[in-house]
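Me: I would like to learn how to read ligand sites in a protein model. Can we go through one, feature by feature?

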Amino acid sequence: MSGHASVSTSRPRRRWLRILAYLGSSLLLCAAGFVAFVQVAGDPTFEFPPTGIRASTDPAVIARGENLFHGAMHCTACHAASWERVVRDKPMGMVEPIGGQEWIVPPLGTMWSSNLSSDQVHGIGARSDEHLAMILKHGVGEDGKLRIFMSMAVGMAPDEDIQAVISYLRTLPASDHEVPDDELNFGGRAMLAFGIFGPKSLPTPAFVPPADEPSIERGEYLANGPAMCSTCHSPYDFLGGMKQSGPLFSGCFAAEPGKENDNFEYCAPNLTPDPKYGRIVNWTEEDFLRRLAAGFVDSNSVMPWGNYDMMSDADKRSVFRYLNSLPPTARDSGPPMRAAGSWEPQD
Ligand code: HEC
Ligand code: HEC
């Protein structure tokens, strides 16, 4: 009887201990499994059919590529050796894309922009046209490896514009400026393993060629494609595989820390013609051109002002007309420049 009683009181305790031990060991197993999984899956290889895009030596194609490179696609904003140069110098012809700008993103790792000069060792001179085209089309190189920044922060361009850009790249002089390879930390590899980052996923717009006469169609093409105004100026969740989470051009999703001083944060404002929240609703087309020409008002802003001013007059007017053709959206994304953490979204 007493034996039975002692068993009946200690059995549940032992059972709990066993359950705890089991849970503990499975957690350990899970953690080990997680680490092993990230080790294996954290450096994924992606496969795409060949693009078949090849550089052209046609001067007209190269000239269009030069304008895309320095202007709408703002490659130099990241591939210049420093942000200071991007802010200080007019990009066209002056900012050399020799790379080395550094981004320290604690949950991810450290990234450096590549040297895009034709140097065979430190630049892209030894890279194939196919490799360059793959990176611009998918954010993935010929080696199947993801270039995180290139997959997220470069506009969607159709083959015609990709060809123009790589044709211009081939004309750049060599520079032996040495730049380190990206260093992803465990968090970065885990995010890759779980597909939080991946190849480019936004739709590629059909090519609308430049024209002397401005058009809403060309503006829509630039703003959502190569110039990529949309992903900063609309709620896009960069960590959600670039998911749009609110109306187009209704303002930023989350503010970004200032380029040179992270006591401040920057939120790309609502550019729809909304009477209350539209930043440019009362601007004329000439005001818009003057604002682009003025460039950086605050060098801490993340918007590549100098680059966009390299777009042609007709392209700038096209973008303005497109923005004004959007449905007005009464979404408040707060002051565009503000003290870090000083504004909480209302919705
Ligand atoms: C938002 C910043 C940013 C912009 C804009 C940008 N790049 Fe990059 N680029 C990077 C970074 C950082 C890397 C290093 C790999 C990575 O993290 O994506 C890189 C890597 C590359 C590479 C890969 C070199 C290699 O073989 O690994 C090429 C080619 C390239 N960029 C070309 C361009 C071109 C052309 C443009 C304009 C159409 C452009 N980039 C715009 C930041 C940028
Ligand atoms: C990398 C993110 C980013 C991209 C890309 C971007 N912007 Fe911005 N934009 C901002 C931020 C942040 C601000 C607020 C700070 C400032 O005015 O510099 C801003 C402000 C503006 C303003 C208001 C300026 C003022 O004086 O009030 C206009 C107009 C504008 N952007 C237009 C555009 C257009 C057009 C494009 C594409 C051709 C574009 N932006 C692309 C981030 C971006």
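Me: How many residues surround ligand 2, and which are the closest?

Reply: A note before the count: this is a predicted model. Ligand 2 is surrounded by 22 residues, and the closest are Cys-229, Cys-232, His-233, Ser-301 and Met-303.

Me: By class, how does the shell around ligand 2 divide into nonpolar, polar and charged residues?

Reply: The shell around ligand 2 holds 18 nonpolar residues, 2 polar and 2 charged.

Me: Which side chains have a polar atom 2.7 Å from an oxygen atom of ligand 2?

Reply: Polar contacts are read as pairs of N or O atoms within 3.5 Å. Arg-279 has a polar side-chain atom 2.7 Å from an oxygen atom of ligand 2. Arg-291 places a polar side-chain atom at 2.7 Å from an oxygen atom of this ligand, and for Ser-301 the distance from a polar side-chain atom to a ligand 2 oxygen is 2.7 Å. As for secondary structure, the elements giving two or more residues to this shell are helix H10 (229-233), helix H11 (285-294) and helix H12 (305-308). H10 gives the most, with 3 residues.

Me: Which residues coordinate the iron atom of ligand 2?

Reply: The iron atom of ligand 2 is coordinated by His-233 through NE2 and by Met-303 through SD, at 2.0 to 2.1 Å.

Me: Why is the arrangement around the iron atom of ligand 2 called octahedral?

Reply: Six donors count as octahedral if opposite donors are over 155 degrees apart and all others between 65 and 115. Here the 6 donor atoms subtend angles of 85 to 180° at the iron atom of ligand 2, so the arrangement is octahedral. His-233 belongs to helix H10 and Met-303 to the loop between H11 and H12, so the pair ties together parts that are 70 residues apart in sequence.

Me: Is His-233 buried or exposed?

Reply: Buried means under 20% relative accessible area. The value for His-233 is 9%, so His-233 is buried.

Me: Now the other iron. What are the protein donors of the iron atom of ligand 1?

Reply: They are His-79 (NE2) and Met-150 (SD), lying 2.0 to 2.2 Å from the iron atom of ligand 1. With 6 donor atoms and angles of 87 to 179° among them, the site is octahedral. His-79 sits in helix H3 (residues 75-79) and Met-150 in helix H6 (residues 148-152), so this pair ties together parts that are 71 residues apart in sequence. Both His-79 and Met-150 are buried.

Me: What else surrounds ligand 1?

Reply: Ligand 1 has 24 residues around it, with Cys-75, Cys-78, His-79, Met-150 and Asp-182 the closest. The shell divides into 16 nonpolar, 5 polar and 3 charged residues. H5 gives the most, with 4 residues.

Me: In which order do the strands of the open sheet run, and how do they pair?

Reply: Strands of a sheet pair through backbone hydrogen bonds, either parallel or antiparallel. This open sheet of 3 strands has the order S1-S2-S3, with antiparallel pairing. Strand S1 (102-105) and strand S3 (183-184) are the edge strands, each pairing on one side only. S1 and S2 pair over 4 bridges, and the bridge partner of Val-105 in S2 is Gly-109.

Terms used:
Residues numbered from 1 in each chain as written. Chains lettered and ligands numbered in written order. Predicted model: local features only at pLDDT ≥ 70, side-chain atom pairs only at ≥ 80, totals over all residues. Heavy atoms only, no water. Near = heavy atom within 4 Å. Polar contact = N/O pair within 3.5 Å; in protein donor to acceptor, adjacent residues only side chain to side chain. Nonpolar A, V, L, I, M, F, W, Y, C, P; charged D, E, K, R; others polar. Donors = N, O, S within 2.8 Å, 3.2 Å for Na, K, Ca; no water. Tetrahedral: all angles 85-135°; square planar, octahedral: opposite > 155°, others 65-115°. Buried < 20%, exposed > 50% of the residue type's maximum accessible area, 1.4 Å probe, protein only. Pairing = 2+ DSSP bridges.
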